[in-house]
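User: I have a structure to go through. Can you walk me through what the coordinates show?

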Amino acid sequence: MRDYSVTTTAREAGFAALAGIRSSGYANLVVNEVLARARLSSDDARFVTELVYGVCRNQGTLDQVIEMAAGRELRTLQPAVVDVLRLGSQQLLRMRVPAHAAVSSSVGLAKDQIGHRVAGVVNAILRRVAGRDWDEWLDLLTQGMDPEQSLAVRTCHPSWIVDAYAACLPEAELAEALEANNRPPLPTLAVRPTLMTRDELLVSGGEATAYSAWGVARRGDPWEVPAVRDGRAGVQDEGSQLVAGVLARVDAPGGPWLDMCAGPGGKAALLTGLARERLEHVVAADIHPHRARLVTDALKGYPGPALVMVADGRAPAWGSRFSRVMLDTPCTGLGALRRRPEARWRKTPSDLTSLVALQRTLLDRACESVVPGGVVAYVTCSPHVAETAEVVMGRDGIEILNAPAHLPGVPGVSASSDPRFIQLWPHRHGTDAMFCALLRRVA
């Protein structure tokens with residue numbers, strides 16, 4: 001970790017971003033919006049990004065530190081005061097900002113943004129936080145805990161997520177998998193097949209992805225790349241590229257393809273190129289108009305009108321059946337925690353009930369929308385068994401195919417729940433934890 005010496009303006013931007021995220025904003029969108037308004041230097045912008053994402057990632061454990069240092073529950077403090085304390089604690093414990101700078105700037109931030117009367121409380125609590133380093137706080141917090149509770153605190157995950165990971169990973173890999181969620185991924189680009197090759201994209205810098213034939217991992221702003229701006233390439237995690245490729249590789253009848261929950265459009269764009277190589281086409285649908293517009297934008301590089309519709313997959317508006325159907329279903333997102341750091345503290349086990357019901361219904365409609373002999377790819381960005389194997393199993397008239405056979409160059413992809421399913425992992429494959437099952441409708 002690097003040392004920082006930044007202006008208060010950067011901390012004000014961090015405070016504004018944290019307030020926006022606390023009001024149910026998405027970290028990536030809020031941070032980008034705040035930075036666009038603040039017009040900070042590149043160093044200060046990097047500081048704000050690291051600070052805010054770090055707070056979002058470490059929030060549960062930071063809160064326990066703050067409560068222990070304060071001797072009171074966070075709910076007894078104003079939410080804005082809690083934001084200042086989280087920002088200050090992140091700097092003290094995880095960013096190596098000098099203690100005097102972290103404390104004094106946080107006190108100043110509290111005075112300016114909340115009022116002078118809270119300055120003493122912020123000062124006293126953060127001075128106690130500064131009295132121990134991160135490892136010392138972890139040792140103190142985890143005294144008397146069982147191993148999985150301790151692991152949850154040390155890796156900054158809710159216990160229920162640790163339990164979900166433990167149910168589908170060998171014990172020896174559990175800590176490594178959780179720690180992988182705390183390492184921000186490199187931006188990954190994917191070419192649009194028929195519009196450009198990966199070799200052409202590599203000219204803009206970066207390295208070829210380990211397993212996907214279409215991907216390039218590249219530091220920096222993707223919009224600096226001309227091919228991204230003009231629609232010949234787009235931002236897409238390598239795991240997302242791989243599961244889209246699996247649907248394209250499996251044997252299926254000729255005919256149109258369907259992407260049922262297509263927003264924001266990465267898979268639809270890749271599938272469109274792969275379908276066009278066979279002189280076939282993709283219909284993309286999403287229930288939300290703004291996400292359908294994102295799909296249209298993702299397809300802008302392809303000639304001709306984009307076949308995008310606003311449609312509820314639970315009550316399909318399409319009047320035909322398809323040879324291949326991609327169902328990347330809404331889920332808890334437990335497989336993308338490294339890029340959505342705030343999600344781990346927003347989701348709860350109770351969210352599974354409604355999500356699983358939706359997933360089952362959407363998969364029912366997907367299976368009805370495929371021709372006899374056609375194939376559905378059921379995809380989630382979650383490894384939770386309730387959202388994956390339990391949704392897929394036990395369907396009449398459906399044959400479960402060997403999905404890992406279509407990723408022959410990728411090791412360790414068979415899911416523990418059933419070797420016919422694909423389960424990717426950040427710590428094994430450097431991708432999001434994508435799940436994929438291939439289902440063929442029996443003629």
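This is a predicted model: local features need pLDDT of at least 70, side-chain atom pairs count only at pLDDT 80 or more; totals for chains, interfaces and linings use all residues.

User: Start with the core. Which residues touch the most other members of the largest nonpolar core?

Analyst: Val48, Val52, Leu85, Leu93, Val122 and Val129 do, in a core of 54 residues. The elements that give two or more residues to this core are H1 (8–22), H2 (27–38), H3 (42–70), H4 (79–94), H5 (99–113), H6 (119–129) and H7 (134–141).

User: Which helix gives the largest share?

Analyst: H3, with 13 residues of this core.

User: And Val129, what does it touch?

Analyst: Leaving out residues up to four places away in sequence, Val129 touches Val65, Ala69, Ser89, Leu92, Leu93 and Trp137. Apart from this core lies another one, of 40 residues, including Val225, Ala233, Ala275 and Leu401.

User: Trp137 came up there. What lies over the face of its ring?

Analyst: Arg132 does, at 5.0 Å from the ring centre of Trp137.

User: Switching to strands. What is the order in the sheet of 4 strands?

Analyst: The order is S2-S3-S1-S4, in an open sheet with antiparallel pairing. S2 (207–208) and S4 (233–235) are the edge strands, each pairing on one side only.

User: How many bridges join S1 to S3?

Analyst: There are 3 bridges between S1 (residues 188–191) and S3 (residues 215–217), and the two strands run antiparallel. Within S3, Val216 is the bridge partner of Leu189.

User: Now the aromatics. How many aromatic pairs are there?

Analyst: The count comes to 3 aromatic pairs. One of them is Tyr165 with Trp425, where the ring centres are 5.5 Å apart and the planes are at 65 degrees, so the pair is edge-to-face.

User: Where do Tyr165 and Trp425 sit in the chain?

Analyst: Tyr165 is in helix H9 (residues 159–166), while Trp425 is in the loop between S11 (422–423) and H19. The pair links distant parts of the chain, 260 residues apart.

User: Is Tyr165 buried or exposed? What about Trp425, buried or exposed?

Analyst: Tyr165 has a relative accessible area of 1%, so it counts as buried. Trp425 is buried too, with a relative accessible area of 2%.

User: What is the geometry of Phe421 and Phe435?

Analyst: The ring centres of Phe421 and Phe435 are 5.3 Å apart and their planes are at 65 degrees, so this pair is edge-to-face. Phe421 is in the loop between S10 (398–400) and S11, and Phe435 is in S12 (residues 435–441), so the pair ties together parts 14 residues apart in sequence.

User: Are those two buried or exposed?

Analyst: Phe421 is buried, with a relative accessible area of 0%. Phe435 counts as buried at 1% relative accessibility.

User: Last topic, His427. Where is it?

Analyst: His427 lies in helix H19 (residues 426–429).

User: Why does His427 count as buried?

Analyst: Because its relative accessibility is 13%, and the cut-off for buried is under 20%.

User: What does the side chain of His427 make a polar contact with?

Analyst: With the side chain of Glu173, at 2.6 Å. Setting aside neighbours within four places in sequence, His427 is in contact with Leu169, Glu173, Glu176, Ala177 and Ala180.

How values were computed
Residues are numbered from 1 along each chain as its sequence is written. Side-chain values use heavy atoms; hydrogens and water are left out. A nonpolar core is a set of buried Ala, Val, Leu, Ile, Met, Phe, Trp, Tyr and Cys residues joined through side-chain atoms within 4.5 Å. Buried means under 20% relative accessible area, exposed over 50%, partly exposed in between (1.4 Å probe, protein chains only). Contact means heavy atoms within 4.5 Å. A polar contact is a pair of N or O atoms within 3.5 Å; within protein, one must be able to donate a hydrogen and the other to accept it, and residues adjacent in sequence count only if both atoms are side-chain atoms. Two strands pair if DSSP finds at least two bridges between them. Rings of Phe, Tyr and Trp (its six-membered ring) pair if their centres lie within 6.5 Å; planes under 30 degrees apart count as stacked, over 60 as edge-to-face and the rest as tilted. A charge sits over a ring if NZ of Lys or CZ of Arg is within 6 Å of the ring centre and within 35 degrees of the ring normal.
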